[in-house]
Amino acid sequence: MSRFEAKKPSLCKTEPLTSERVRSTLSVLKGILASCYGPSGRLKQLHNGLGGSVCTTSQSSALLRNLSVTHPVLKVLTASVQNHVSCFSDCGLFTAILCCNLIENTQRIGLTPTKVIKLNKDLLSFCTSYLKSEACSCRIPVDFSSTHILLGLVHSILTSKPACLLTRKETDHISALILKGFLLTIPESAEDRIILGKSIIVPLKGQRVTDSTILPGLLIEVSEVQLRRLPTRKSSALKVALFCVSLSGDFSNAGEGTVVVPYQVSLENAVLEQLLSLGRQLVSDHVDLVLCQKVMHPSLKQFFSEHHVIAIDRVGVTLMEPLSKVTGATLIGSLNTIASTTYGSVKDLHAARFGSKHFFHLIPHEATVCSLLLCSRNDTAWEELKLACQTAMHVLQLTIKEPWVLLGGGCTETHLAAHIRHKVHNKADDIVKEDGYSPAELRIAAEAFCSALESVAGSLEHDGGEILIDMKYGHFWSGQAASASVNWPDMLSRCGCGLYNSQEGLSWSFLRSTYHPFEPQTCLSQAAVGSASNLIVDCFTAKLSGLQVAVETANLILDLSYVIEDKN
């Protein structure tokens, strides 16, 4: 007899952020995330104590996916950041660290959650308005006739992922390949609406990173035996049939119900005859290439081989959409008579070998789909490099819609903080006229907000060095720890984004010290942008979204009065 347990009452906790346990857990999470931030971020190794795979990473997407959090407040925070990363790919750590900083800072200032939330919304509005304005001096327009900014954007993403283990030469090589692949996905003739193609990453582990290459079209991995059966090339295009249904003769797609088989009828023979009938139709329709997502029956493969039709099975679901784009074929999902309009074509088909792997290389008529053959020395570095490349590809696509980038290396954060401080210091009375809070409350909240932004920039320094802000541009600088009487122009080289050097008659202040509010220069020199050889930039769309997600998530968590947990 089964034993029933009495239902436990739900656990109700009031004001979760007042709990010391929640605060300390949030602080630990912030410490983990902040220590991963930037090019010199520390790697994290995540694994299950009972065994299984080990993940070594500093990227937010891999980190949050493998990090187990149990408290509801932390689940809200991590879910928000993961949702942001799923939409924009980049700026996940920025979003998470800023959110943690805002929660910690606003708890110390003694204002009610309602007022803090309203003030945070207004301060966010100031930030977004400034970043979208023509006066913004940390926003750079992207010139698509030049590769300077686009290469800088890809380079910045790759160098911020230390687990990729790339040298400078390797970073330059992969950056150029990613940009080339992105340009290949843009159609040559575009009307009102551009439909971008796709870059497919093909793994080749155990090879040098510099052996990586980009090829127009698609690479499909095959066995060496299949490669030998490649028939003589045709002078015309190859007709293609694309199947997303199994051609193995099994009943995996038969659905539920009973199959009634008449007496003395062989089910296997009947199914095989149906497959061969399908094969005869494909041959009579002069199909040259049959691609199947799943398994193909050996007899059907033999039939195609006898009629000089190339048959490739086990292609996998990942390649089906790109194959449809490359060939123009419609996916065939049944074994019934096939309409001639479902067929597609490719310009040519080549055999290729890279390392120890063999491929069929499909050459399309218009190359809006390409294959990035990505090499790396080991599995861990390859997985990190794959994630970084996917991020860079997505960010380049976002840049088409909003063709701007923001200065990276912490400079946008410190410049924005300086701008907000100056605006609040000089125009507090005008801002609060109809907003229901006092100038003093606005200044307190603005200081907490700006300090949170500056702390994100400060997270880039991991070696105990000094972090500073210049009093002209409001840019972020870091250097070796030194005495108070040090001559900073000699100690510092360039600002975080690489736009300005220390020999420009600048003055500095320690970032975590109190300095008098100043108006950072709002006229960005295009000559300085053009001459900067190692400019660090961030995706405008991803960073702006990250800023909004961080503030909105912090406000949501600050507004929590009760956490009710069902313990059953």
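At roughly what angle do the axes of helix H1 and helix H3 cross? In this predicted model, the axes of helix H1 (residues 20-34) and helix H3 (residues 72-88) cross at roughly 30 degrees and come within 10 Å. Because angles under 35 degrees count as roughly parallel, H1 is roughly parallel to H3. On the H1 side the contact is made by Thr25, Leu26 and Leu29, while H3 contributes Leu74, Leu77 and Thr78. Sorted by class, the residues of this contact of H1 with H3 comprise four nonpolar and two polar ones, with no charged residue.

Two packed helices are described by the angle between their axes and the distance between the axes.

| Helix pair | Angle | Axis distance |
|---|---|---|
| H5 (residues 113-132) and H17 (residues 540-558) | about 175 degrees | 9 Å |
| H5 and H14 (residues 439-458) | about 65 degrees | 10 Å |

With an angle of about 175 degrees between them, H5 and H17 are roughly antiparallel to each other. From H5, the residues Pro113, Val116, Ile117, Asn120, Lys121, Leu124, Cys127, Thr128, Leu131 and Lys132 meet Phe540, Leu544, Leu547, Gln548, Val551, Asn555 and Leu558 of H17. The residues of this contact of H5 with H17 divide into 11 nonpolar, four polar and two charged.

The pairing of H5 with H14, at an angle of about 65 degrees, makes H5 roughly perpendicular to H14, and H5 passes H14 in a right-handed crossing. Here Lys115, Leu119, Asn120, Leu123, Leu124 and Cys127 of H5 make the contact with Glu441, Leu442, Ala445, Ala446 and Phe449 of H14. By class, the contact of H5 with H14 holds eight nonpolar residues, one polar residue and two charged residues. Asn120, Leu124 and Cys127 of H5 take part both in the contact with H17 and in the contact with H14.

**The second largest pocket**

At least two residues of the lining come from each of strand E5 (198-205), strand E7 (218-222), strand E13 (357-363) and helix H12 (379-401). In terms of class, the lining of the second largest pocket consists of 13 nonpolar, seven polar and six charged residues.

Definitions and conventions. Residues are numbered from 1 along each chain as its sequence is written. This is a predicted model: local features need pLDDT of at least 70, side-chain atom pairs count only at pLDDT 80 or more; totals for chains, interfaces and linings use all residues. Side-chain values use heavy atoms; hydrogens and water are left out. Axes are lines fitted to C-alpha atoms, for helices over the stretch in contact, and angles run from 0 to 180 degrees between N-to-C directions. Helices (H or I, at least four residues) and strands (E, at least two) are DSSP runs, numbered from the N terminus. Angles under 35 degrees count as roughly parallel, over 145 as roughly antiparallel, 65 to 115 as roughly perpendicular and the rest as oblique. Contact means heavy atoms within 4.5 Å. Ala, Val, Leu, Ile, Met, Phe, Trp, Tyr, Cys and Pro count as nonpolar, Asp, Glu, Lys and Arg as charged, and the others, Gly among them, as polar. A crossing is left-handed if the near helix is turned anticlockwise from the far one by less than a right angle, and right-handed if clockwise.
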